[in-house]
Structure formats: C-alpha cells, structure tokens
Amino acid sequence: MAEQRIATSKVAGTWAWAFQRLSAVLLIAFLAVHLYVAHFMDVGAETGEEPLITFDEVSVRLDQLVYIIVDYGMLSMVLLHGLNGLRTVLFDFDMFVRRKKVIDVALWVVGVATLIWGIVILLPFITNAGG
Amino acid sequence: MKISSFKWLFGRNSEFWPTNMKTGMWAWVGHRLTGLVLVAYVFLHLSFISTASTAEGGASFDALMETTSQPLFVAMDFLLVIVVIYHAMNGLRVVLFDLGVGIRRQKLVFWVTMAIAAVLVVGGMLAIWHLVFPAGGA
C-alpha cells in the first residue's frame with residue numbers, strides 16, 4: 001500500500017540518490033568505451049584469430065596507462081552504482097531498514113575489497129608500462 | 001521482513017500483482033530486476049576474468065575466452081545485451097525525470113526510450129549474429 005511506503009531518498013540519503021544518477025550517466029559512457037575497446041578496436045598487433053580476445057591483445061592495450069585509468073574508473077563507478085543500487089532495492093522492499101548501518105558497512109567492505117582486488121590485478125601492467 | 005510482508009508484496013491486493021501495475025510500475029519493477037541481474041553478472045565477470053588473469057602468460061585467460069566465445073555463451077551474452085540496454089535506457093528516463101525533463105509526458109518518454117532500446121538491441125543482435133550462428137558450421 002502506497003501510504004505505508006517512505007520515499008527512497010529519505011531512507012537511502014540524498015547524496016546516494018544524486019550520485020546514483022551521476023554514476024549512471026558515466027557508466028553509459030564507460031560501457032560504450034569498454035565494449036568498443038574490448039571487441040571492436042584494433043590494437044595494431046598480431047594477436048591471433050578474430051574476434052577472440054586474447055591475453056596478448058589485452059596486454060598491448062594495458063601497457064598504456066590511459067586504459068588502466070579507464071578500467072579503474074569504470075570499476076569504481078560499477079561498484080558504487082551496483083552496490084548502492086542493491087542497497088536501494090533492499091530498502092525499497094523494507095528489508096533491513098532497521099539495520100541500515102550494518103548494510104552500509106557491509107556494502108562498503110565488499111566494494112572497497114573488490115576495488116583493491118581490481119587494482120592489484122592490474123598492478124603488473126603498470127610496472128610494465130614504464131619500460 | 002515481517003511474515004505478513006510476503007502477502008503485502010505478492011498478494012492479489014498488492015501493488016505488485018500484475019493486473020494492479022501500470023506502465024510506470026512495470027518500468028520500476030523491471031529496473032530493480034535487471035539491476036539485480038547486472039550486479040550478479042558484474043561480480044561473476046570480475047571474478048572469472050581477474051582470477052584467469054593471474055596465471056603467468058595468460059594461458060588460463062585465453063582458455064576462458066576460448067570457452068566463452070562459443071555460440072551458447074554468445075547467445076547468453078545477447079540476453080545480457082537486452083538486460084543492459086533496458087536498464088540503461090530506463091535509467092536515462094529516470095535521470096531525465098529527476099532533472100524535471102518530460103514529467104508531464106512520462107508515458108511518452110518511457111516509450112521513446114524503449115523504442116531507442118529496441119533499435120540498440122537489434123544493433124547488438126546484428127553485431128553478434130555471426131558468432132552465434134557461424135557460417136558453414138566453422
């Protein structure tokens with residue numbers, strides 16, 4: 001029943017609401033770049049049979065710092081948008097509203113841990129990028 | 001969640017019972033469902049690709065790409081294309097709505113974004129068709 005529901009922004013917070021919109025628009029751009037780079041762009045190297053993506057092909061790209069920055073940017077936006085979206089869905093259905101703090105902390109831990117994992121995975125490419 | 005909440009959410013008198021839902025509610029429910037699917041997908045995507053990247057020389061990365069480029073996986077990618085495009089286009093509508101654009105013509109804006117979504121889905125289908133149905137059974 002509609003009158004029982006509380007506006008999502010009041011439960012989830014105005015900053016979360018605003019950032020969800022901003023990251024949404026950024027993610028559309030990031031996704032377009034991601035798909036183009038992974039599936040359509042020619043890296044100018046003999047990297048095996050098309051359209052298969054190979055480790056060599058990805059390595060050629062990741063030797064340039066700009067692709068690593070784009071990847072880190074997209075990863076952080078995806079995590080913020082996805083996990084905050086999950087939080088919104090939970091609160092929309094009145095789940096864990098009383099345990100908001102616990103949910104917030106848990107989602108931050110998952111997000112930050114995943115981001116660190118992502119950063120660590122691409123670190124070898126950064127050290128290669130110099131030489 | 002209280003036990004009675006189940007009836008409140010899914011019962012015949014609930015706002016989510018199919019015949020009680022109008023366009024905006026379908027769009028809202030669709031956005032939540034596709035959102036949850038995408039969160040699950042993103043974490044699978046990240047975990048598979050990142051763990052495959054840790055092996056020396058990328059052998060397991062290439063093996064993963066070999067597997068996931070099979071027609072069945074590409075066909076499932078097409079479902080992902082539909083889910084992503086719906087979520088993106090409906091999300092764009094939500095952003096426009098929150099900026100105060102087209103509030104008086106909500107339904108029209110919804111169907112315009114869905115028309116754009118349909119065009120993009122057809123584009124996606126054309127782009128991957130040859131991977132799902134390789135010519136000459138290659």
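α4(A) is followed by D94(A), whose phi is positive, near 60°. Helices here are DSSP runs of H or I of at least four residues, strands are runs of E of at least two, and both are numbered from the N terminus. The model is a predicted one, so to speak of local features takes a pLDDT of at least 70 and side-chain atom pairs count only at pLDDT 80 or more, while totals for chains, interfaces and linings use all residues. Residues are numbered from 1 along each chain as its sequence is written, with chains lettered from A and ligands numbered from 1 in the order in which they are written.

Chain A comes to five helices and zero strands, running α-α-α-α-α from the N terminus on. Of its 131 residues, 18% are buried, meaning that 20 or more other C-beta atoms, placed from the backbone, lie within 10 Å of the residue's own. Contacts (C-beta atoms, placed from the backbone, within 7 Å) can be sorted by separation: among those in chain A with a separation of 6 or more, 69% join residues 24 or more positions apart.

α4(A) has 28 residues and reaches 40 Å from its first C-alpha to its last, close to the 40 Å expected at 1.5 Å a residue; the expected span is 1.5 Å times one less than the number of residues. α2(A), with 27 residues, should span 39 Å, and its end C-alpha atoms are 38 Å apart, which agrees.

How do α2(A) and α4(A) cross, and at roughly what angle? The axes of α2 (residues 14–40) and α4 (residues 65–92) of chain A come within 9 Å and cross at roughly 135°, the axes being lines fitted to C-alpha atoms over the stretch in contact, with angles from 0 to 180 degrees between N-to-C directions. That makes α2(A) oblique to α4(A). Residues making this contact include F19(A), L27(A) and F30(A) of α2(A) and M74(A), M77(A) and H81(A) of α4(A). Within α2(A), Q20(A), S23(A) and L27(A) are buried, and the buried residues of α2(A) pack against α4 of chain A.

Chain B joins in too: 24 of its residues are in contact with 22 residues of chain A. Elements giving two or more residues to that side of chain B are α1 (5–10), α2 (23–53), α3 (59–68) and α4 (71–98) of chain B. α2(B) gives the most, with nine residues.

Methods
Two residues are in contact if their C-beta atoms, placed from the backbone, lie within 7 Å. Angles under 35 degrees count as roughly parallel, over 145 as roughly antiparallel, 65 to 115 as roughly perpendicular and the rest as oblique. A residue is buried if 20 or more other C-beta atoms lie within 10 Å of its own, exposed if 12 or fewer, and partly exposed in between; C-beta atoms are placed from the backbone.
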